[in-house]
Amino acid sequence: MKFIFLGPPGAGKGTLAAKVAANYNIPHISTGDIFRTAIKNQTPLGLKVKAIIDSGALVSDDVTCELVKDRLAQADAQNGFILDGFPRTIPQAEALATFMPIDAVVNFDIADNEVVARLSGRRVCKGCGQNYHVEFMPPKVEGKCDKCGADLFIRDDDKIEAITHRLEVYRDQTAPLIDFYREKGTLTDIDARPATEVILGSFEKAFPNK
């Protein structure tokens with residue numbers, strides 16, 4: 001199966017994608033990973049992307065699509081894949097359709113206020129990097145790491161202003177893809193509010209592993 005995963009930041013797409021990739025024996029492909037691999041391997045496209053990123057500019061749709069096309073042509077993606085973080089816009093989706101048919105688009109649905117609660121509760125240890133959550137996985141002593149005793153802090157990305165901005169960008173640029181794929185009859189909504197194993201169960205029910 002060839003999947004696209006959609007959902008706002010904090011929906012748990014990455015965690016779900018890793019589990020689905022392992023269970024279905026298909027690669028989890030994110031644009032960030034594609035960029036990093038191409039740059040590391042110093043491919044012609046990788047060198048082009050590095051120059052663009054180093055200049056502070058955004059990687060164009062044309063270059064991004066070229067990188068994705070190259071990645072999807074590799075042997076491990078021939079029996080299926082999960083695209084995570086691409087396409088981000090309708091022009092990217094239209095470009096993707098010219099070189100790769102997609103079997104299913106999965107929209108992990110969660111309200112903005114629940115995303116804010118989920119992400120703003122994250123805490124990270126300054127010492128060892130251990131992650132906590134004030135509601136779902138609190139430390140034994142408030143503000144202190146269970147493992148090393150160092151102070152916990154809130155990453156800039158997890159501050160409410162930053163989360164709100166990321167959600168605004170998502171709703172503006174990427175959410176239109178939901179209607180785009182719904183009109184094509186390839187979209188399936190899955191509730192992203194429950195625990196990961198519950199969401200995975202809903203996914204496997206919708207898409208049985210043949």
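Tutor: Helices (H or I, at least four residues) and strands (E, at least two) are DSSP runs, numbered from the N terminus. Keep in mind that this is a predicted model, where local features need pLDDT of at least 70, side-chain atom pairs count only at pLDDT 80 or more, and totals for chains, interfaces and linings use all residues. Residues are numbered from 1 along each chain as its sequence is written, and side-chain values use heavy atoms, with hydrogens and water left out.

Student: Ok. Which residue in S4 is the bridge partner of Leu-6?

Tutor: That's Asn-107. S1 and S4 pair in the parallel sense, over four bridges.

Student: And what's the strand order in the open sheet of five strands?

Tutor: S2-S3-S1-S4-S8, with parallel pairing. Strand S2 (28-30) and strand S8 (187-191) are at the edges with a single partner strand each, so one side of each has no neighbour in the sheet. On average, neighbouring strands are turned by 25° against each other, direction ignored. For angles like that, axes are lines fitted to C-alpha atoms (for helices over the stretch in contact), and angles run from 0 to 180 degrees between N-to-C directions.

Student: How many bridges join S1 to S3?

Tutor: Four, between residues 2-6 of S1 and residues 81-84 of S3, and the two strands run parallel. Lys-2 has Phe-81 opposite in S3. Over on S8, the pairing with S4 is parallel too, with five bridges, and Phe-108 has Ile-190 as its bridge partner there.

Student: Is S4 mostly buried or exposed?

Tutor: Five of its six residues are buried, so S4 is largely enclosed by the rest of the structure. Buried means under 20% relative accessible area, exposed means over 50%, and partly exposed is in between (1.4 Å probe, protein chains only).

Student: Which helix lies across S1, S4 and S8?

Tutor: Helix H9, residues 196-206, which runs at about 150° to S8. Contact here means heavy atoms within 4.5 Å.

Student: Switching to H1. Which of its residues are buried?

Tutor: Lys-13, Leu-16, Ala-17, Val-20, Ala-21 and Tyr-24. Looking down the axis of H1, they fall within an arc of 135°, so they line one face of the helix. The arc is that of the directions from the helix axis to the C-beta atoms. Among the elements covering those residues are S1, S2, S3, S4 and H9.

Student: Why would that spacing put them on one face?

Tutor: An α-helix has 3.6 residues a turn, so residues three or four places apart point the same way.

Student: What comes just after H1?

Tutor: Asn-25, with a positive phi of about 55°.

Student: What about H5, which residues are buried there?

Tutor: In H5 (residues 90-97) they are Gln-92, Ala-93 and Leu-96. Their arc is only 100° around the axis, which puts them on the same side of H5. They pack against S1, helix H4 (61-72), S3 and helix H8 (176-183).

Student: Where is Cys-145, and what does Cys-145 touch?

Tutor: Cys-145 is in the loop between strand S6 (131-133) and strand S7 (152-153). Leaving out residues up to four places away in sequence, Cys-145 touches Cys-125, Cys-128, Gln-130, Tyr-132, Ala-150 and Leu-152.

Student: What sheet do S6 and S7 belong to?

Tutor: An open one of three strands in the order S6-S5-S7, with antiparallel pairing. S6 and S7 are the edges, each with a single partner strand, so one side of each lacks a neighbour in the sheet. Strand S5 (residues 122-125) pairs with S6 over three bridges, and Arg-123 stands opposite Tyr-132 in S6.

Student: Which helix lies across S5 and S6?

Tutor: Helix H6, residues 112-120, running at about 20° to S5.

How values were computed:
Two strands pair if DSSP finds at least two bridges between them.
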